Amino acid sequence: MPGALVKILRAAPLSDGKVTFAWRSAVGHALERVTAVKLEQRVLIVETASPHWSREIMRSSGIILRRLEAYLGAGVVEKIEVRRA
């Protein structure tokens, strides 16, 4: 994501739409399509439709957290919790 867009995203108020946009940017369209996210007290709740996607998210959670931090700012998301939908 271009630096100017990251600055605009970080400056915007925290909202469900902002978190969803950051998630899509962090994981890509394919993974975004098979998940739903919501932020609860610095924990990103990720609902998936299958065990396969749950494993992929957990395996990649370190990378995803770093990307979310770049888009949302430090400390906004501290942990990812995966749940089956």
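Biologist: Happy to look at this with you! What makes a residue count as buried here?

Modeller: Buried means under 20% relative accessible area. In this predicted model, 35% of the 85 residues of the protein chain count as buried.

Biologist: Why is strand E2 called largely enclosed by the rest of the structure?

Modeller: Strand E2 covers residues 43-48, and five of its six residues are buried, so the rest of the structure largely encloses it.

Biologist: How do you know that E1 and E2 pair, and which way do they run?

Modeller: Two strands pair if there are at least two bridges between them. Strand E1, residues 35-40, is joined to E2 by six bridges, so the two count as paired, and they run antiparallel.

Biologist: What lies between E1 and E2?

Modeller: Two residues separate them in a hairpin, and glutamine 41 in the turn has a positive phi of about 50°.

Biologist: How do you know that the radius of gyration agrees with a compact globule?

Modeller: A compact globule with 85 residues would have a radius of gyration near 12 Å, and the protein chain has 12 Å, so the two agree. Its C-alpha trace spans about 35 × 25 × 20 Å along the principal axes.

Technical notes: Residues are numbered from 1 along each chain as its sequence is written. This is a predicted model: local features need pLDDT of at least 70, side-chain atom pairs count only at pLDDT 80 or more; totals for chains, interfaces and linings use all residues. Side-chain values use heavy atoms; hydrogens and water are left out. The radius of gyration is taken over C-alpha atoms; the globule rule is 2.2 Å times the number of residues to the power 0.38. Buried means under 20% relative accessible area, exposed over 50%, partly exposed in between (1.4 Å probe, protein chains only). Helices (H or I, at least four residues) and strands (E, at least two) are DSSP runs, numbered from the N terminus.
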